[in-house]
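Subject: Structure for your review

Dear colleague,

Please find below the structure that I am handing over to you. My findings follow directly after it.

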Amino acid sequence: MEEWNMSVGSLGEQVLDRLSKMLDNATCGWRQLATAVSEQPQFRCSESELTSCSLQVLSTAGSPGRTLLAWLADRSCSLDFLLHCLRKMDHQEAAQYLTSTLAELIQITVQPQAQQSTVGGRVVLTCRASGPPGLSYQWFRGKEEILDETGNTPELVLRPSLPAHQGHYICRVHHGETFIFSQWAHVRFVPTAGPSPGCSSSLFPGSVSGLHIIRQPQSQAVSEGDSLVLECSAEANPPVQYEWYHNMVPMTQHKTHSLKIPCVTTAHRGQYRCKMFNLYHEAWSDTATITVGPSSITEASWVEVDRGLDSKEVHRSTCGPGLHQLQQMVNPPPSVKHFYATDKVALLIGNMNYLYHTQLCAPIADVHELTNLLRQMDFKVVSLLDLNWQEMHSAVTEFLLLLDKGVYGLLYFAGHGYENYGNSFMVPIDAPASYTSEHCLCVQNILTRMQEKQTGLNVLLLDMCRKRNLYDDVIVQPGLLKVTANIVFGYATCVDAEAYEVKREDVANGIFISFLKRRVCEDEKVTVMLDRVGEDMGRCEITRGRQALELRSNLSERRSLTDQIQTAECSASHSARNLQWAIAHVLPKSLCLQFDCGVKVQLGFAAEFSNIMVIYSRILEKPQEIVSCCAQLTDFPQDVDIDLKKSNQETLLEAGSLLLIKENLPSPEVPSLYTRIRCLQRLRRELTFTICLHYTYSNMDDEVQERKPVTVGKPLVSKLNLHEPRPPHARSASSSFSLDSFNIPESSSSVGSASNAWSYPAQSGRESSTIDSATSSRSANIPEETDCEFDAPQALVASKSLPHSQINDTNYKFSDMYNFHSH
């Protein structure tokens, strides 16, 4: 049937999401579908496209199956062929669901039209519908079904027409138990002596009828931005066609009885008429006059005046709006318009372990908590700790690659910093004792580069000191900022003041994040949210007079960090950002290793930050004659940072991880050893290490060792090679994108090779002791596919809110001031 050739793109979002869930599995899923559709060359997927599909699981709501279906829709794959492929791969559940869903896709494409005729003439009512094969048609006059031989076809023919045929007709289109009704069509008869009043004349016999107008368009007065609807209808046999005219100019896009303009402008004012015609008749409707009144500032004629000392008034020309209108422009009523982002990305940098400056404690907790909160709002977050100058420059360049038109970009920095001549500078961990601007990163320069991407919102949160740097007399001249009205600066402290952190229990929080984390997820304009954070800080006795949030903004729209993401208009760049972000969050696949002595060891991986990974090892199986056994990791490359005293520990806390907990890990009866690897951004080659198995037989006193080398590729942010210099102006992901640029290692069959089963860091709930059910699906750190015959343990889950997260004035005393450390 012709209607069965509808494209996959005609399926609704709910149907596509349901199909995607059925296809997101390893045994009979999207990979098998990609193979099945390749029998037609135009639907064959390249290796890079398959890799991109696999990486979609790393995005907040990503789905490999959904991405594959989107590609098939873009290539005009028919539903018939999709169903054929689902049956070919024997995916009975998806095939049955698609078949039943198509029955619900019945849409009336041709509605029966009201007609008039003479007795003895011929009346044809037509109703056509698109949908699954085997559609049936039932015609009714009133409540009485028409059961003759022509009653179950798309066309109902009344010939010869009789007075008894006069009435209202409707068609019921059904497929199985699913059905839909057409609109009513009125059939009426006119005398044969001549045309009735309001009808066009007819020179033809009674087989046709005159044209009778039953609805005229009405004159209206509307305002700019309103919707306009004009309707005109007529009865005739054969049915009439419609053509609208605006000021006697044909509106070629409007060919129905209803003229709809969703957003009126002054260009739409004037006179409208509709021409109604069929093969034998033609008639014109009455003229409808549309007036468009002023409703926005575009109607005013303004004269530009300098804002000098004496310029206290706004001058306008005499044809401008009145005082009341001017007040409405300055203080418009609350808008119901919702703003959207084409994507949301964030770069969070926390510098703690400075080589030549005071060590900081809070950035690790601050970056961790803000990361979890931003991910709850669907931000793609790259979180990095302890970056040197080159790594910070490269990280910012990679961050800029994630930006594009309409994207919300957020940059957060916690560490040492300063401000000179209105410019803010972030200090890397390798900055010398007497650092200057050449050793640091200028925030205003980064903002200039962000604006080049035509972002929808630029938010910069600087949790650092803003004291003057006496060693730096150079006045940096950043690029000129454009007037984009979308910039928000949130400074943790005022000009020439310091920012503080307070140590509570085992970890510390900065003052800024202690208050920001309460408010950041509020569905409010960004500036309103930050204002409330500043008010909260001002009510705290311990910070009053020492640290106060400063907000600078030119944001003109009510944009919020919670705004939804709409990617329909830029799906290509969104997919590129998904892939590029995912590259920085690839964890190695869980490994099962078989030793000669019969012991099986499993390795698991979890991300604490984008450049910090925890590896845990556990014994899966051991022979009965082995009484004690443990698997320790050793021989790590010098590129990464590992505290040997804290490696191979029995608890995460002993391994140095304060931010991950042992929920959903193997039961206590199966002990694990934990090793924390830092500074993965400095890894210049694949991560290799050795598993050293120590075991003792029941009849022997001496300990035996077996060693196995392991290679797990380049995990997490190490794939981005931040240690390498970047070109001065890197191109955006949307304008130039290739998988080759990300240095993805080729898959290998050897133990420890990089896997196509991706994982990503888990997230914690907001101010809650458990993972919220709404976000639990995106916090599971489980590979998309696994070939391991053993059940992989669930990965490390980020901790609940830290015990010091509740900040009350009563918790602070001035005697605690020794716990404060300026950044």
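This is a predicted model: local features need pLDDT of at least 70, side-chain atom pairs count only at pLDDT 80 or more; totals for chains, interfaces and linings use all residues.

Which residues of H10 are buried? They are Val443, Gln444, Ile446, Leu447, Thr448, Met450 and Gln451.

Helix H10 covers residues 443–451, and seven of its nine residues are buried, so the helix is largely enclosed by the rest of the structure. The cover over these buried residues includes helix H9 (389–401) and several strands, namely E23 (407–414), E25, E26 (441–442), E27 (457–463) and E28 (487–491).

Glycine 422 lies 22 residues from glutamine 444 in sequence, and their C-alpha atoms are 9.1 Å apart. This glycine sits in the loop that links strand E24 (417–420) to strand E25 (423–426). Glycine 422 is partly exposed, its relative accessible area being 39%.

**The protein as a whole**

The protein contains 14 helices and 41 strands. Of its 823 residues, 53% are buried. The accessible surface comes to about 38,600 Å², and carbon and sulfur atoms account for 49% of that surface. Among contacts between residues at least 6 apart in sequence, 73% join residues at least 24 apart.

**Two helix pairs**

On the H11 side, the contact is made by Ile511, Phe512, Phe515, Leu516 and Arg519; on the H12 side, by Met529, Leu530, Arg532, Val533, Asp536 and Met537. Eight of these residues are nonpolar, three are charged and none is polar.

The other pair is H2 (residues 30–37) with H5 (residues 79–88). Their axes come within 9 Å and cross at roughly 115 degrees. The crossing of H2 past H5 is right-handed. Leu33, Ala36 and Val37 of H2 meet Phe81, Leu82, Cys85, Leu86 and Lys88 of H5. The residues of this contact divide into seven nonpolar and one charged, with no polar residue.

An α-helix has 3.6 residues a turn, so residues three or four places apart point the same way.

**Two strand residues**

Is serine 383 buried or exposed? With a relative accessibility of 2%, serine 383 counts as buried. Serine 383 belongs to strand E22 (residues 380–385). Beyond its neighbours within four places in sequence, serine 383 is in contact with Leu348, Val367, Thr371, Phe609, Ser610 and Asn611.

Arginine 552 is part of strand E31 (residues 550–553). Arginine 552 is partly exposed, with 34% relative accessible area. If residues up to four places away in sequence are left out, arginine 552 touches Glu419, Arg466, Ile487, Val488, Phe489, Tyr491 and Val495. Arginine 552 and leucine 460 are 92 residues apart in sequence, yet their C-alpha atoms are 9.9 Å apart in space.

Most residues other than glycine have a negative phi. Two residues deserve a note against that background.

Aspartate 378 is not a glycine, yet has a positive phi of about 70 degrees. Where is aspartate 378 found? Aspartate 378 occupies the loop between helix H8 (363–376) and E22, the strand that also holds serine 383. The relative accessible area of aspartate 378 is 25%, which makes the residue partly exposed.

Asparagine 721 likewise has a positive phi, near 50 degrees, in a residue other than glycine. Asparagine 721 lies in the loop between strand E39 (704–711) and helix H14 (776–779). With a relative accessible area of 8%, asparagine 721 is buried.

Yours sincerely

Key: Residues are numbered from 1 along each chain as its sequence is written. Side-chain values use heavy atoms; hydrogens and water are left out. Helices (H or I, at least four residues) and strands (E, at least two) are DSSP runs, numbered from the N terminus. Buried means under 20% relative accessible area, exposed over 50%, partly exposed in between (1.4 Å probe, protein chains only). Contact means heavy atoms within 4.5 Å. Accessible areas come from the Shrake-Rupley method with a 1.4 Å probe; for residues, only the protein chains shown count as cover. Ala, Val, Leu, Ile, Met, Phe, Trp, Tyr, Cys and Pro count as nonpolar, Asp, Glu, Lys and Arg as charged, and the others, Gly among them, as polar. Axes are lines fitted to C-alpha atoms, for helices over the stretch in contact, and angles run from 0 to 180 degrees between N-to-C directions. A crossing is left-handed if the near helix is turned anticlockwise from the far one by less than a right angle, and right-handed if clockwise.
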